[in-house]
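Q: Could you walk me through this model while I have it open on my screen? I will jump around a bit with my questions.

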Amino acid sequence: MTWWADAVVYEVYVRSFADSDGDGVGDLAGVTARLPHLADLGVDALWITPFFPSPGRDHGYDVSDFTAVDPLFGDLAAFDALVERAHALGLRVLVDIVPNHTSDAHPWFMAALAEGRGGRRYRDYYIWRDPAPDGGPPNNWISNFGGPAWTRDPASGQYWMHAYLPEQPDLNWRSGAVRAEWERILGFWLARGVDGFRIDVAHNLLKHPDFPDNPPAAGPAAREARVGRARQAHGLARVFDIDQDGVVDVFRALRAALPNTTGGERPFLLGETVLDDPGRVARYVERDGLDAAMWFGAQAARFDARELHEALDAVAHAPGPGAVAWFLSNHDRSRPATRLGDADRALAVAAVVMAVPGPYLLYQGEEIGAEDLRVAAGEARDPLAVRAGEPEASRDRARAPMPWTVAGDRGFAAAPWLPHGPLPAAGSVAEQAADPGSHLARWRALIAALRALRGALPRAVVTERHGDLLVVRRGPLLAVANLGEADVPLSELPLSELPPPGLAGADAEMLWRSGRPGGDRALRAAETAWWRLAGRPEGGEGPG
């Protein structure tokens, strides 16, 4: 069984995690100092958001040097110290890479501009097209941040393509030179001890070679707003600018070129695949491509048994162990305690999601029940809010600083770069760490229960819905979530495996319960219970 198949990976949004030098911005040394929190939580790895040199127009996702550290966050020595400390604590390290685009301040792009039309080296690193007959953009593609996905270079008269900001020109992954550069970049970080990579917008790397217009969107896609995309970008179906068939071959070739980690393992490749069709997501992990692909279905589901059951059923498309990566939030998405109603509901949903095969991506603050930040118009920092003028779509909501304490600036030595969000109902990290009944303590117990079952859990899984109850059966593990508003007596659960009226006897052993204290004879609303069924495997494939 691969280490990531049922791992818990903790996402660290560096600038909001922990500040070591008092400038109000989180940094690598701050992450290193807080690694014991992750070890105590019981996670297996941490995913670190971009810390590379950047003008900061998209908060680090506009990179000007892929093999260095932005002085805002430290230096290579600070990075090496982080990796060394993480490994000493038994944590693997994943680096967030941004291969779809660079900053316009990257030396490659500046050289491409200088070469001009017909340039023979760096010009081909990017995507250039001549104007349409009317002199406008080459096609109707829209940037995720609003406006055309093309910006004109006055010197050459050609347009460069950018799926995001104009200052984030897309790389041309049909160029062998670009692929060679990325083999070198990933090899650089592997040599420094990283264990794998989270690949930003992995579905974006290739565009249709003929650059045809995208057709108008129809149905829900034309009406529903997506976090991370301006309203204007919802008017077109994303047919020709994302998820092209050949992109999977890009990852296969990249995989084949990479060395092992310094620990002798195959590096873990986790792709961000923002796609609605789980079958299309599954393509990315077939035939030695990515190791896991992020499935956005569970994150989009409301606190509703039907919606969550449909999202979990996507696991049927997974071609291998750990191939679907699950999550309820990240640095781009609303926090589950806000989106689902409260922290108890969020924990209940997380528990049942974690019962299905695949790594779970736990975003910083989720373990303490953090809620969305409400940012005043004048304090917004996200380009979606500032440039597109859409504060309701702002990703700032998920990026508030981590509340380590209740005093002062909550563990930051100075006023942080973004305002603090509301203090979680259960308190700061320090308060919850001292309370054996806290939300943090319940998360620790959940992760410990999951780890105790590793090696006994097969890939085969069955999900069922019975009204407001969601049931996951996976070998010796049984998880039942009550997503309704009424308590359900244990004797009324649709589970023949359990000896009524509850858990007495040797036939079942309760491992973990997400509900509030008390009341052992009912599965409460907004609660998940896990049972390990002694000696009663569900059949199907064995572990691995």
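Q: Which residue does Leu270 stand opposite in strand 9?
A: Leu270 stands opposite Ala292 in strand 9. Bear in mind throughout that this is a predicted model.

Q: How do strand 8 and strand 9 pair, parallel or antiparallel, and over how many bridges?
A: Strand 8 and strand 9, the latter covering residues 292–294, pair in the parallel sense, and two bridges are found between them. Together with helix 7, which spans residues 278–283, strand 8 and strand 9 make a β-α-β unit that is right-handed.

Q: What about the other neighbour, how many bridges join strand 7 to strand 8?
A: Strand 7, made of residues 196–199, is joined to strand 8 by four bridges, and the two run parallel. If you want a landmark in that pairing, Gly196 has Phe268 of strand 8 as its bridge partner.

Q: Which way do the residues of strand 8 point, and are they buried or exposed?
A: In strand 8, residues 268–271, Phe268 and Leu270 point one way while Leu269 and Gly271 point the other way, and all of them are buried.

Q: OK, zooming out, what do the parallel strands build?
A: Eight strands with parallel pairing form a closed barrel, in the order 1-2-3-7-8-9-10-11. From one strand to the next, the twist averages 30°. Helix 3, residues 76–88, packs on the sheet and touches both strand 2 and strand 3 (92–97), and the direction of helix 3 makes about 140° with that of strand 3.

Q: Changing topic: how many aromatic pairs does the structure hold?
A: It holds 30 aromatic pairs. One of them is formed by Trp3 and Trp4, an edge-to-face pair with 5.8 Å centre to centre and 85° between the planes. Both Trp3 and Trp4 are buried.

Q: Which residues do ring pairs link into a cluster?
A: Ring pairs link Phe51, Phe52, Phe66, Phe79, Trp108, Tyr122, Tyr125, Trp173, Trp182, Phe188 and Trp189 into a cluster.

Q: How far apart in space are Ala112 and Arg474?
A: They are 53 Å apart in space, C-alpha to C-alpha, and 362 residues apart in sequence.

Q: Now His317, where is its place?
A: His317 sits in the loop between helix 9 (305–312) and strand 10 (324–327). Its relative accessible area is 40%, so His317 is classed as partly exposed, between the cut-offs of 20% and 50%. Leaving aside neighbours within four places in sequence, His317 is in contact with Pro278, Gly279 and Ala282.

Q: Which value does phi of Asp243 come near?
A: Phi of Asp243 is near 50°, a positive value in a residue other than glycine. Asp243 is found in the loop between strand 7 and helix 6 (247–257), and Asp243 counts as buried at 11% relative accessibility.

Q: And what is phi for Arg410?
A: Arg410 has a positive phi of about 60°, although it is not a glycine. The loop that holds Arg410 lies between helix 12 (383–386) and helix 13 (429–433), and Arg410 is buried, with a relative accessible area of 18%.

Q: Last one: where does pLDDT stay under 50?
A: It stays under 50 over residues 499–507, for which the model has 17 contacts beyond four places in sequence, and also over residues 535–544, for which there are 22 such contacts. Where pLDDT is low, the predicted coordinates should not be read in detail. For the protein as a whole, the mean pLDDT is 91, and 93% of the residues reach 70 or more.

Note on methods. Residues numbered from 1 in each chain as written. Predicted model: local features only at pLDDT ≥ 70, side-chain atom pairs only at ≥ 80, totals over all residues. Heavy atoms only, no water. pLDDT = per-residue confidence, 0-100. Contact = heavy atoms within 4.5 Å. Pairing = 2+ DSSP bridges. Axes fitted to C-alpha atoms, helices over the stretch in contact; angles between N-to-C directions. Buried < 20%, exposed > 50% of the residue type's maximum accessible area, 1.4 Å probe, protein only. Right-handed = clockwise from strand over helix to strand, strands pointing away. Phe/Tyr/Trp six-rings, centres within 6.5 Å; stacked < 30°, edge-to-face > 60°.
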